[in-house]
Amino acid sequence: MLTLTSSRHTALHDWSAGGKLAGLAVFSVALFALPGLWSLAGLGLPLAATLALGLFPEWLRLFRPLVWMGLVILAWHGLTGTAPEGLTAVLRMFAAFGAANLVTMTTRLTDMQAVFLWLARPLAPVIPPARLALAMALVIRFVPVLALRADQLSQAWRARSPRRIGWPLVFAITLAALDDAEHVAEALQARGGTE
Amino acid sequence: MSGIHLNDVSLSLQGKPILTGIDLHLTEARIGLIGRNGSGKTSLLRLMAGLVAPTSGRVTVEGASPTDRKALLRSLGILFQNPDHQILFPTVIEELSFGLIQQGVPKAQAQARARDALTAEGRAHWEKAATHTLSQGQRQYLCLLALLLMAPRWLLLDEPFAALDLPTEARLRRRLDALPQRLITISHAPAAVERCDRVLWLEQGRIRADGPPAQVLPEFRAQMARIGEADADTDL
Amino acid sequence: MERSLTRIALFAALIAALGLIPKIDMGIGVPITAQTLGVMLCGTILGARNGALAVLLFLALTALGLPLLSGGRGGIGVFTSASAGFLIGWPIAAFVTGALMGWMKEVSTAGTFNAAVAGGIGVVYLFGVPGIALVAGKPLVEAFWGSMVFVPGDVVKAGICALVTVAVARARPGLVQA
């Protein structure tokens with residue numbers, strides 16, 4: 001499946017995933033702890049990094065869903081006469097979002113997963129790491145399967161109805177997920193189970 | 001106690017009888033299992049694979065109960081009709097090495113063996129491929145490879161050719177014919193089991209006939225033709 | 001063991017798939033995405049524990065960099081935006097919805113609707129509103145009234161969740177947790 005990791009290899013890709021995530025955590029906490037003007041500098045950091053690494057257009061595109069959210073916040077503060085606070089809030093959100101996306105773009109999914117499994121180690125008695133890794137692999141495997149099923153079902157809907165797709169489609173996909181879970185459980189069992 | 005034994009096995013699901021009074025001792029290298037839709041073929045396979053427990057009676061595979069999962073993994077593998085019900089992993093290499101890891105092979109070694117198997121099949125380029133990008137025939141083939149890596153003594157195949165085009169079917173058939181394993185193949189088409197050593201005909205959950213294909217298939221064909229001629233098929 | 005693991009994984013995938021389907025007509029003429037519907041369904045069908053784990057698994061993979069949220073959003077960044085509080089509320093919402101389902105004697109449309117409203121709306125906004133207040137730099141009360149515009153759509157989703165859950169319970173007796 002498609003990940004958000006950039007296919008363009010940069011120097012940042014070689015840094016350790018754990019290090020990048022720790023850095024991001026410090027950066028985000030600082031962003032909210034420091035006074036407003038710092039958020040501008042905070043946005044400048046990932047901006048400069050993406051420009052230097054040639055990831056800027058890709059990085060900018062990820063902001064698209066956030067633009068309207070920023071505009072709403074600005075307008076909202078404008079109406080209540082607190083425009084400067086609004087600007088700070090939006091800049092801070094964009095800075096945190098931009099830095100996080102930089103880490104996501106330059107870290108491979110498998111490296112992220114390794115950090116995650118390491119962080120989840122204290123949970124080992126409740127959720128053994130092998131089971132967790134298996135569950136993750138199953139999700140990655142079955143997102144495209146269910147997405148395809150959803151697409152086929154909505155085509156079947158459109159082939160027989162001029163109206164917009166309605167809730168029976170959700171029923172059909174949910175049932176497919178439930179049935180697939182049964183089949184996959186059997187397939188797992190047939191090949192040695194989860195132990 | 002070699003082979004697969006079923007002693008007076010019956011199976012009901014939610015109170016509905018699926019299989020009744022099945023008595024079999026299977027040792028032949030190639031066994032065909034035929035019958036109409038809903039006759040219980042898949043349920044019989046699932047019983048042998050220990051995926052469902054019989055309501056009454058006893059199943060043993062190579063002397064062990066199918067509930068002994070460890071022993072069963074070495075003696076039996078099952079190929080589901082729909083590869084999407086079988087493929088568990090996003091990439092080919094994970095899918096192939098999983099079974100070996102379940103048998104206790106260390107991960108690195110399992111992956112190396114999976115890689116060797118792919119190379120031997122001339123498909124080394126599949127290693128990193130995403131399983132959902134493979135075609136139907138390729139996914140079926142991947143499922144078979146995953147089973148063969150586990151080297152079980154028996155392979156149970158549920159309609160292995162149902163969704164394949166003719167050249168793919170011919171290739172898969174050749175591959176299966178050459179296997180040293182004992183095969184039990186489900187089909188609703190008599191032609192698919194013509195060269196088996198033994199054919200079982202299942203009807204409404206009971207063994208209707210059991211013997212060499214030359215003996216079982218003509219009667220099966222005649223009966224299917226007879227039913228097909230009648231228009232009102234209330235159980236379709 | 002296998003079954004609860006595969007249900008958790010498949011329902012995590014279901015939440016993602018529901019974010020990909022074309023917008024659904026919710027009956028009020030306003031098309032909305034169905035992902036929170038997926039969260040509600042995790043609770044009503046898988047029950048409290050497995051439902052919450054399914055949502056957690058979905059969020060974990062999203063954070064790790066898979067674009068599983070509707071509109072292809074993903075990565076750790078989604079937890080820094082104004083809607084982060086809603087995401088954090090999701091697993092708890094599934095848990096509460098599932099727990100409420102567990103107290104019911106049978107799966108009824110009205111009961112399921114109430115459970116989905118309490119978990120999928122009550123709990124989600126309990127976390128979502130402070131998230132908006134924090135990120136947007138607004139007092140809680142204002143954030144609360146501001147987010148009310150989304151509630152009607154969510155109520156419709158709870159209704160659909162009830163219809164789907166009852167239909168699933170009827171189609172696969174014994175599989176729905178309640």
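Reader: How many salt bridges does the structure hold over all chains?

Author: Over all chains there are 20 salt bridges. Keep in mind that this is a predicted model.

Reader: What makes the pair A:R141 and B:D84 a salt bridge?

Author: Let's set the value against the cut-off. The side chains of A:R141 and B:D84 come to 2.9 Å, N to O. The rule asks for a Lys or Arg side-chain nitrogen within 4 Å of a carboxyl oxygen of Asp or Glu, so the pair counts.

Reader: Why does this pair join two chains?

Author: A:R141 sits in helix α7 of chain A, while B:D84 sits in the loop between β5 (76-79) and α3 (92-102) of chain B, so the link runs from one chain to another. Between chain A and chain B the count is three salt bridges. The interface of these two chains also has six residue pairs in polar contact.

Reader: What does the interface of chain A and chain C bury?

Author: These two chains bury about 5,400 Å² between them, 80% of it on carbon and sulfur atoms. In chain A, A:W76, A:W167 and A:L178 lose the most area to chain C, together 12% of what that side buries. The contact involves 65 residues of chain A and 62 residues of chain C.

Reader: How do you know that A:E182 and C:R3 form a salt bridge?

Author: Their side chains meet at 3.2 Å, N to O. That value lies within 4 Å, so the pair meets the rule. The interface of chain A and chain C has two salt bridges, together with nine residue pairs in polar contact.

Reader: Which element gives the most to the side of chain A that touches chain C?

Author: That is α8(A), with 17 residues. The residues on this side of chain A divide into 45 nonpolar, 13 polar and seven charged.

Reader: Now to chain B. What makes β1 and β4 of chain B a pair of strands?

Author: β1 (residues 4-13) and β4(B) share five bridges in the antiparallel sense. Pairing needs at least two bridges, so these strands qualify. One of the links is between B:H5 and its bridge partner B:T60 in β4(B).

Reader: Why are β2 and β4 of chain B called edge strands?

Author: The sheet is open, with three strands in the order β2-β1-β4 and antiparallel pairing. β2 (16-26) and β4 (56-61) each pair on one side only, and that makes them the edge strands. From one strand to the next, the twist averages 25 degrees.

Reader: Which helix lies across these strands?

Author: Helix α1 (residues 41-48) of chain B lies across β1, β2 and β4 of that chain, running at about 60 degrees to β2(B).

Conventions
Residues are numbered from 1 along each chain as its sequence is written. Chains are lettered from A and ligands numbered from 1 in the order in which they are written. This is a predicted model: local features need pLDDT of at least 70, side-chain atom pairs count only at pLDDT 80 or more; totals for chains, interfaces and linings use all residues. Side-chain values use heavy atoms; hydrogens and water are left out. Helices (H or I, at least four residues) and strands (E, at least two) are DSSP runs, numbered from the N terminus. Axes are lines fitted to C-alpha atoms, for helices over the stretch in contact, and angles run from 0 to 180 degrees between N-to-C directions. Contact means heavy atoms within 4.5 Å. A polar contact is a pair of N or O atoms within 3.5 Å; within protein, one must be able to donate a hydrogen and the other to accept it, and residues adjacent in sequence count only if both atoms are side-chain atoms. Buried area is the accessible area (1.4 Å probe) that two parts lose on being put together, summed over both. Ala, Val, Leu, Ile, Met, Phe, Trp, Tyr, Cys and Pro count as nonpolar, Asp, Glu, Lys and Arg as charged, and the others, Gly among them, as polar.
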